[in-house]
Amino acid sequence: APYQGLLIEAEYSRASLPRNMIENSMFEEEPDVVDLAKDSTFPALDPDEVVYEPRSSRLLVRGLGENDLDDEEEDYESSARLLGMSFMNRSSTRSPSASPYIRQAPPRSCSRPSARMLVVGVFILVLVTSMAMVLYFLPGCTFTKTGCPKANSSTPMELVYPKSTTGEMFPWNELRLPASVRPVNYDLSLTPNLTSMTFTGRTIINMIIQHNTKRVVLHSSEINIIKATFQSVEVKVLEYKPWQQIAVSFPGDLKEGQVCVLTLDYTANLSHTYDGFYNSSYNDKTGAKRVLAATQFEPQAARKAFPCFDEPAFKATFLVRITREPEYIALSNMPKAKTTTLPSGMLEDEFEQTSVNMSTYLVAFIVANFTSITRNVSNTLVSVYSVPEKKEHTQYALDTASRLLQFYNTVFDIDYPLRKLDLVAIPDFLAGAMENWGLITFRETSLLVQNQSSLLDKQLIANVVAHELAHQWFGNLVTMRWWNDLWLSEGFATYWQYASLMTEFPQLYLGNVFLEERFKAMAKDSLNSSHPVSVSAQVTTPEQVSEMFDSITYEKGASLLLMLNSTLPDGQFRKGLLEYLRQYRGSNTVTDDLWNSITRVAVQESVSDMMRTWTLQKGFPLVTVSRKGGEVTLTQEHFLLSTDNTTHTSSLWHIPVTYVNDSCSSAPSCRQMFTLRNKTATLKVSESVKWLKLNYMNTGFYIVHYGDEGWTALIDALKTDVSTLTPHDRASLIHNIFSLSRLGRVSFRQVLSLLDYTTNETETAPLTEALTQLSSVYRLLDKRPELRLVARMKAYILGHFGPLMDSQDWGVEESVSSQERRSALLELACSLGRKNCTDQATALYEQWTNSNQTNRIPGDLQRVVFSVAAQSDSGWLSLLDTYRLTTYDSEKRKILQALASTQDPRRIVCTVLEGGIIHTQELPLVISTVSDGFAGHLFVWDFVKESWDRIIEKFPVGSYSIQSIVKSTTSQFSTQTHLEEVQGFFSSLKERGSQMRSVQEALETIRLNQHWMDRNLATLRDWL
Ligand SMILES: [Zn+2]
C-alpha cells in the first residue's frame, strides 16, 4: 500500500530529534469511551445497521464518551488554566531573547482567504454538508432495524433506496457492492490532455452474472458519463454520488451464468489531489515547468479514473490503451504490445492484457517524459524510471530491486508472474511508494540516491524497494478480501522488507530499525484508541478505510509475524507461508486463512489458537515476573495506559514467553521458551539463578515487569558487565522500564537508576532508545512552564552522554550502525546547543559552502549540519536556494528538515504553501518537524486549525498524512487548557474529521501527558 511510515515518521523522527516515542505515545491515557468505542468492533452491532450506518454514529458513540469525561475534569480546570496562562506568558518572555518567536496569527500573508471569509466559508460548508448528510443518510437509516426506527417505522418501503442525481430511485442502498455481478475483464482506453488537464475514457467491462439480478451496480466518482451501452443497447445510468456508485436497472432478470458487456464513455478532470488519475508537475533543470499524469488508486480511487467494481475481491484482467502526444511516454502494469499513430498525430499505446487477475487498486498508468535504465533478471525486465536529469541516481534502486526480485522468487517459491517490473520516481507523489503490479510508483526521495551517498541514505531506498517488491506476492498475488484485513498485505510487506534486507543486505543493519518500529507500534497499541490488527467490522466509509493505513496495520502486523517465526521450529513459518501462497494465489483471503495454512504444516500446537489472541484483540500483554527461590510466577494483564491506574485483566493472550538467565544469556542457544496461556503460571528455575531476562531479543510483542528485586538484579548485572545481555535486550530493558513508568508501575527514580549503566553503553540500539525516551520527556517539559526542570533535564542528558557526544568523529564513517549512533548523538547534542557540536557543524557547513558544495558532508551528518546552519537567517536562505537547485534527493530531504527546524516557522510553512519550491506533498513532514521545536509547535497547531479545510482538500480525512498532522501537532500538549482546545476544535469539524481515530488518540495522549506530569514532576524535581 502507499508506504509512508519511513518517510514521515520512522526515518525523520529518529532524525531531527529522536521523536518517535513522543509522536506515538507514551504518556497517554484512556478516555472513558472504553467499551463503546473500542468494542465497537463489535459484536453488539446489528449487521444490518453496520451496512447502512454512516460514519456519524461512531462519532456519536465516541462523543458521548467524551462528554462523560468533562465532569470529572472540571476539578482540574482552574489550576490547568493557570498553567495555560503561564505558558502564554512564557512564550512572550522568551521571544525577544532566545528566538524571534511570537505567537503569530497563522500565516495570513500566505493564505489566500481572509480569516473572516474562512469562517463564513466553513460555516456555509458545514451547513450545506450537514443538510446534505441528513438528506442522503436519512433514507438509508430508515431501513435499519435499530438505527432510527420509530419515527419512520410506518414509512413505505420505497424510501429504503436513496435517490440518484436525476431524482429517480437508485437501486442499491449499501456502501459495499452487491455480489450478484462479477467483472471478468476491463478494456480501458484513456486519452489524457496535459494542457487542459482533462481526459476522456472508454471502459468496456465484461462481466458474469453470479445470481439472478435486475441491476448492475459499480463505482464511479467525479466522472461524467456521456454514453452507456449494455449488450450494445444504449442504457440509462443512475448515479448516487455520496457513495460513489452508478447503476443500470433492468425490467427483467439478468440470469445467473450470463455473460454481459457494459460500455461506458466518459470525460473527467485530471485530479488536482494525489489520488485517482492526477496531474503532477515539476521544474526541470532549466526551470521550465513540466507536467505529467500518474495514478494512485489504493485504496478507493480507481473509480475516479474509470467506472469499476472498486473492491479488492473483484479481481479481473485489464487491457489498457493510452493515447499520448509524441513527446511523452506511457507506462502501465503490462509491457507495451503496440503503438499506433492516429490521424491526429497522437500515438496510441496498447499494453498487453494482464496475465493475472488483479484488484482494481493495483491498476496504474503514467504519461510523462521519463528516461530509464534496465536489466534482465530471471526473465523479468527490471527498469527504473525518473525525470531525465536524475537518470544517474537510479542505479542503486536497479541493483537493489534486481537482487531482491531473485531473493523473493526463491524464498516464496513462486516466480514473479509478469515479464516486466518498473520502478518509477514521480516528482509529486504523496505516499512513500505504491505497489501497483508491475509498475511500482515512488516518491523521488524513496527511490533515487547517488552512488556515493552514505549507506544510511541507501538504507531508506532499500527499505521501500524491499517493501513494495514483497507486495507483489503479499497483496498483489494473494489479496485481503476487504480492507479490515489490510494487515495481510501491509504487515507482510513490512515484515519481509526487514527479513529480506537482513538476509541479503546485512551491511544495511536493518535490525535496529525494525526494533524501533516495534517499540513504536507498542506505543500506539497501548492506547485505548488502538484497534485489533484484524478489524472485525465497521470498515466501510472511505475514512474508515483510509485509517486502516496506520502503524498497527504495518508495524504491529510485522511484529506479530516476527514473533510467530521466532516461536515456531526452524523453517515451519516459511513452510506455512508457502502453503498459504500456493493455496490462495490469484484470490483473496481473511486472517483465518493464513493461520489455518500455517497450522496445517506446523507440527506443534495450533497456530490459530495462539495467533487469534493477538490479531482479534487490540493491545498487548504486560508480563509480570515474581520469584520465590526456584519458583517463578508469571502473570499477564493488558498493558493499557490510563489515568486511573486500574489493572486490565479481561484480555488473555497465548504468550510465547522466552527467557535467558545469568548463566547463559546472550547466545541464541541460551533462549528457553514457555507458553503463558492463562492469567498466571509458574515455571521452575535453579535456585542459583541470579536473574532472568524475558523476551529474548525483544522478538515478542509484550512488555515485562521484573518487580523491584528483579530490576535491581538486572541493573547490577549490567553495571558489572554491559555485554552480559545482547544490545537488543538492553534496548528492550530501557524501553520496558520507560513504558512501566508511564503505566505507573515503576517510579521515575527506578528509570534513572537503570539509565546509570548507560554511561558505559556504546551500542546503537540501547543508546538510541535511551536518547529517544529522554528527549521525548525533555520536549514535553520544554512545552510547559518548567524552565528550571528543562534546564536540569538538559544537564542530565548532557551529563550522561556529553562525553560520548564530544568523542564522535565528524569524518566519513563506514558502518551504518555507527552512522545511526553518531547521528542520534550529534543531533541531540546540537539541538540542546552543546557548543562542541554546533562548532563542528558550523565548520563543516562552511567548508561545504566555501568549496562550492564539492567538499561533501558525510550523509549521516548532513541533517545535523544543515539544521545548525538553518538557525541563522543567511544560512536559512542559502539552504533554500540549494534546495531549489539540487537534484540530490536524499540531500534535499535533509535540507527540508533543516529548513523546518527554524525558529521562524512562519516562513517555512508559507514557502510550502506558496508551492513552486517545495511540493505540497511535504507539508506533513514540515509540520511534524516544526512542531518539535518550542517556537513552532503552537504556531503549527494554529496553522492547522485555520487551514484545516485547505489541508483536507489535499490530504484526505483519515489518511496517513492527516494522522501524522494530527499527532505531531497535538502530542506534546499536557495541560487542561490545551486538551479543551484540541477537543473543541476537532468536535467542531463534524464530518470533516472529528470521527477520526487519530483524534481520539490525540485526546488520549494529552490526558496521559497531563496525568504523567501530575505524577512525575515532583520526582523529576527531586532526582534530576
Ligand atoms: Zn505497503
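C670 is buried, because its relative accessibility is 7%; buried means under 20% relative accessible area, exposed over 50%, and partly exposed in between, with a 1.4 Å probe and protein chains only. The model is predicted, so local features need pLDDT of at least 70 and side-chain atom pairs count only at pLDDT 80 or more, whereas totals for chains, interfaces and linings use all residues. Residues are numbered from 1 along each chain as its sequence is written, and side-chain values use heavy atoms, with hydrogens and water left out.

C670 forms a disulfide with C664. A disulfide is a pair of cysteine sulfur atoms within 2.5 Å. Here the two sulfur atoms are 1.8 Å apart. The link of C664 and C670 is left-handed, with -80° about the S-S bond. C664 is partly exposed, at 31% relative accessibility.

The structure holds two disulfides. A disulfide also joins C830 to C837, with an S to S distance of 2.0 Å. Its torsion about the S-S bond is about -100°, so the disulfide of C830 and C837 is left-handed. Both of these cysteines are buried. C260 is buried at 0% relative accessibility. C308 is buried as well, with a relative accessible area of 0%.

Salt bridges number 44 in the structure. A salt bridge is a side-chain nitrogen of Lys or Arg within 4 Å of a carboxyl oxygen of Asp or Glu. One of them pairs K894 with D457, the closest N and O atoms being 2.6 Å apart. K894 lies in helix α27 (residues 889–900) and D457 in helix α10 (residues 455–471), so the pair ties together parts that are 437 residues apart in sequence. Helices (H or I, at least four residues) and strands (E, at least two) are DSSP runs, numbered from the N terminus. K894 is buried, with a relative accessible area of 3%. D457 is buried at 5%.

Other salt bridges lie within a helix. K835 and D839 meet at 2.7 Å, N to O. They are four residues apart in helix α24 (residues 835–850), so about one helical turn separates them. K835 is exposed at 57% relative accessibility, while D839 is partly exposed at 39%. The side chains of D881 and R884 meet at 2.6 Å, N to O. These two are three residues apart in helix α26 (residues 873–885), and about one helical turn separates them. D881 is partly exposed, with a relative accessible area of 38%. R884 is partly exposed, at 44%. Elsewhere, salt bridges that share partners join D187, R321, K338 and E350 into one network.
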